[in-house]
Amino acid sequence: MLKFILETRNLTKSYGKQVVVDNLSLKVPQGYIYGLLGPNGAGKSTTLKLLTGVARPSHGEILVFGEPWRREALRYIGALIETPALYGNLTAWENLQIHTTMLDLDDQEIRRVLKIVGLEDTGGKLVSRFSLGMKQRLGIAIALLGNPRLLILDEPMNGLDPLGMQKLRELIKNLAHQGITVLISSHILGEITQVADYVGIIHEGKLKFQGKLLPGEDLEKLFLDVVRGEENA
């Protein structure tokens with residue numbers, strides 16, 4: 001029987017009369033990679049902001065680790081929402097050191113996460129000279145500080161070249177193999193097909209599909225059937 005590390009029940013977010021997230025009920029199984037899909041403007045990023053406490057729900061409930069969401073739960077949740085906030089005039093080590101100082105973690109933790117994301121050999125190279133893919137991986141390294149149980153990534157593949165996508169894909173798979181549950185939002189269906197175990201499809205703020213991604217399943221067809229079916233309804 002599946003154990004859910006994260007659930008939402010009728011999660012709703014409105015800005016005035018505009019409903020951005022509409023009665024969303026997600027179920028993210030522990031130990032798996034869950035792909036949250038949807039067209040641009042579907043409500044994916046807002047949903048992740050609600051899950052990480054960046055925005056507050058208008059209605060509904062969030063359960064994390066089997067309990068109602070509390071700010072203390074963020075200690076066990078790593079997140080990269082939108083573009084990582086990095087200091088270009090510092091090295092990867094120095095960027096991480098700012099966060100470990102705030103979190104009261106030692107330098108061993110910096111070594112650990114740099115090795116996980118494959119940036120342990122960047123030495124004195126300034127982050128301003130990093131490729132976009134390296135910056136994304138450094139952002140994930142920051143999210144991994146403190147060894148979280150749940151990692152939330154918002155469109156991490158955006159702007160990456162094929163090599164950068166491959167490295168990031170391998171990283172995400174390795175994190176799942178280490179027992180970290182990964183929730184990743186994206187509109188790049190081909191990448192999600194290669195990493196996700198479960199998917200949810202959001203359209204106009206509503207969850208239109210949720211389930212296990214079967215081997216060989218045509219995710220593009222599933223996605224288009226769900227979205228076009230809604231548009232033609």
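Guide: Let us begin with a term: a residue is buried under 20% relative accessible area, exposed over 50%, and partly exposed in between (1.4 Å probe, protein chains only). This is a predicted model, in which local features need pLDDT of at least 70 and side-chain atom pairs count only at pLDDT 80 or more, while totals for chains, interfaces and linings use all residues. Residues are numbered from 1 along each chain as its sequence is written, and side-chain values use heavy atoms, leaving out hydrogens and water.

Visitor: What makes strand E4 largely enclosed by the rest of the structure?

Guide: Strands (E, at least two residues) and helices (H or I, at least four) are DSSP runs, numbered from the N terminus. Strand E4 covers residues 33-37, and five of its five residues are buried, so the strand is largely enclosed.

Visitor: Which residues cover the two faces of E4?

Guide: In a regular strand, side chains alternate between the two faces of the sheet. On one side of E4 lie Ile 33, Gly 35 and Leu 37, and on the other Tyr 34 and Leu 36, all buried.

Visitor: How do you know that E4 pairs with strand E10, and how many bridges are there?

Guide: Two strands pair if DSSP finds at least two bridges between them. E4 and E10 (residues 198-203) have four, in the parallel sense, and Gly 35 stands opposite Val 199 in E10. Five bridges join E4 to strand E9 (residues 181-186), also running parallel; there, Leu 36 stands opposite Ser 185.

Visitor: Why are helices H2 and H4 called roughly parallel to each other?

Guide: Angles run from 0 to 180 degrees between N-to-C directions, with axes fitted as lines to C-alpha atoms, for helices over the stretch in contact. Those under 35 degrees count as roughly parallel, over 145 as roughly antiparallel, 65 to 115 as roughly perpendicular and the rest as oblique. The axes of H2 (residues 92-103) and H4 (residues 132-144) come within 10 Å and cross at roughly 30°; the two helices are therefore roughly parallel.

Visitor: Which residues make the contact?

Guide: Contact means heavy atoms within 4.5 Å. H2 contributes Ala 92, Asn 95, Leu 96 and His 99, and H4 contributes Leu 138, Ala 141 and Ile 142.

Visitor: Why does Asn 10 count as partly exposed?

Guide: Asn 10, found in strand E1 (residues 4-15), has 39% relative accessibility and therefore counts as partly exposed. Its phi is near 55°, a positive value in a residue other than glycine.
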